[in-house]
Amino acid sequence: MDLDFSTEEQAFREEVRRFLASHLPDAIRERVRIGDHSRIRDDIQEWQKILHAHGWGAPGWPVEFGGTGWSKARQYIFETECALADAPAQLAFGLKMVAPVLMRYGSPEQQQYFLPRILAAEDWWCQGYSEPGSGSDLASLKMKAERDGDDYVLNGQKVWNTLGQFADWIFCLVRTDASGKPQKGISFLLVDMKSPGITVRPTRLLDGSFEVNEIWFDNVRVPAANRVGEENQGWTYAKFLLGHERTNIAGIGASRRELARLKRMAAAQPKGGASMLQDPVFASRIAQVEIELRALEITNLRVIFAEARQQAPGPEASLLKIRGTEIMQRISELQVELLGGQGLAFGDGSGERARATAAYLNLRKLSIFGGSNEIQRNIIAQMILGL
Ligand SMILES: Cc1cc2nc3c(=O)[nH]c(=O)nc-3n(C[C@H](O)[C@H](O)[C@H](O)COP(=O)(O)OP(=O)(O)OC[C@H]3O[C@@H](n4cnc5c(N)ncnc54)[C@H](O)[C@@H]3O)c2cc1C
């Protein structure tokens, strides 16, 4: 199998690099580089608007909905180069989660209203799947939606809603029938976060940041026109959403960027008369993770090229998620180890060193969200090993 990008794809990569050099604002690039999240909403929105103005607002969408129509290989190149250049990641909840569901199952009115607004960064979306007690076992979710005339009335709680404190809209899985099999009584609703009865409470995380939220719904009225597809068929749409975004699941670009940062930090850390980068033990640990990352990158490319030949992706996505998150966590561990005792003073000062411990703590989430790594191993066991 040829795993090299074609001449055309290599030219595209150069075009993306030129674009990033000329269009990514320095202030945003610097905040992403040092992990400063103080303006995260504004930075993501501004970057989305810049991409949209260039016609690159939706790398994964088909042209008919305003997307680029790019191949998986081009999307991969684009996202990898953006991460390497310290561009903010585009907000997945609108672009990569609810949008594909709307394209496939939404009404023409929903498509016409919501999709252009996502593209132009006019609406900030968040995801309302998990509840206390319903994470891995998502189908057990309980948040009630009872029909009352033209509305549903929502009562219950969602949890872990990433960046939900900024959201204009939330897409929710709700219980519309509790009588039969849990999967058969779930509906998919689009909820305006300005609706009366919604309370958002941000959760302070280990690294001191406010990234996730608890959201309560107390007699919140949602027009039935905001239901996507059929009542009680929401589980089908939820699974479609979870399985949709696969090209960047391994986060290769982010890991390559962090590996380069690790090497910079090691070069700046004195050891004897030299630096930690020359320390044979530490250097061999960096080499080990670099080899693993390179192997993962090749596996990721094999999956992308297989998809390009119309072979549907299968449990490979689980494999990429497990290895990708393990490698990212490993790199962050090495960054903190390098700092020694100084790593304990996280939150003090600024720059690469100060962000290392905060990033280490934050990245523990990677093996939990998006389907925990244990759940991904179950999928591999069932689909590959036939257990
Ligand atoms: C930082 C962060 C951001 C998140 N963002 C969002 C969001 O925006 N929207 C949203 O809806 N959700 C979000 N989540 C929720 C996330 O999807 C859940 O945390 C995840 O699905 C795990 O569910 P849980 O927390 O209820 O843990 P549980 O399901 O209770 O799992 C606890 C532990 O048991 C293990 N386990 C559970 N079942 C099995 C099994 N069958 N076999 C083997 N091991 C098992 C799990 O792997 C885990 O280690 C986020 C989570 C985090 C940490």
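Predicted model: local features only at pLDDT ≥ 70, side-chain atom pairs only at ≥ 80, totals over all residues.
Are Trp56 and Phe78 buried or exposed? Both residues are buried.

## Overall build

Let's begin with the whole chain. Laid along its principal axes, the C-alpha trace spans about 75 × 50 × 50 Å.

How much of the protein is tucked away? Buried residues account for 50% of the 387. The accessible surface comes to about 18300 Å², and carbon and sulfur atoms contribute 53% of that. As for contacts, if you take those between residues at least 6 apart in sequence, 72% of them join residues at least 24 apart.

## Aromatic pairs

The structure holds 19 aromatic pairs. Back to the opening two: the ring centres of Trp56 and Phe78 sit 5.7 Å apart with the planes at 85°, so this pair is edge-to-face; the cut-off for that label is an angle over 60 degrees. The pair ties together distant parts of the chain, with Trp56 in the loop between helix H3 (40–53) and helix H4 (72–84), and Phe78 in H4 itself, 22 residues apart.

Trp125 and Phe171 make another aromatic pair, this one tilted, at 6.3 Å centre to centre and 40° between the planes. Here too distant parts of the chain are linked: Trp125 belongs to strand S1 (residues 125–128) and Phe171 to strand S4 (residues 169–175), 46 residues apart. Trp125 counts as buried because its relative accessibility is 0%, and Phe171 is buried with a relative accessibility of 0% as well.

## A ring cluster

Which residues do ring pairs join to Trp125 and Phe171 in a cluster? Tyr113, Phe114, Tyr129, Trp169 and Phe188 belong to that cluster along with Trp125 and Phe171. So if you're browsing the model, the tilted Trp125–Phe171 pair is a handy way in, because its 6.3 Å and 40° geometry is spelled out above.

## Arginines over rings

Arg74 lies over the face of Phe12, at 4.4 Å from the ring centre. Arg147 does likewise with Tyr152, at 5.3 Å from the ring centre.

Asp86 is found in the loop between H4 and helix H5 (92–105). Its relative accessibility is 11%, so Asp86 counts as buried; the limit for that is under 20%.

What does Asp86 touch, leaving out residues up to four places away in sequence? The list runs to Leu24, Ile28, Arg29, Val32, Arg33 and Arg257.

Trp160 has a phi near 65°, a positive value in a residue other than glycine. Its place is in the loop between strand S3 (151–159) and S4. Trp160 counts as exposed, because its relative accessibility is 57%.

Leu163 lies in the loop between S3 and S4. Leu163 is not a glycine either, yet its phi is positive at about 55°. Is Leu163 buried or exposed? Leu163 is buried, with a relative accessible area of 9%.

Notes. Residues numbered from 1 in each chain as written. Heavy atoms only, no water. Phe/Tyr/Trp six-rings, centres within 6.5 Å; stacked < 30°, edge-to-face > 60°. Helix = DSSP H or I, 4+ residues; strand = E, 2+ residues; numbered from the N terminus. Buried < 20%, exposed > 50% of the residue type's maximum accessible area, 1.4 Å probe, protein only. Lys NZ or Arg CZ within 6 Å of the ring centre and 35° of its normal. Contact = heavy atoms within 4.5 Å. Areas by Shrake-Rupley, 256 points an atom, 1.4 Å probe, with all protein chains shown as cover.
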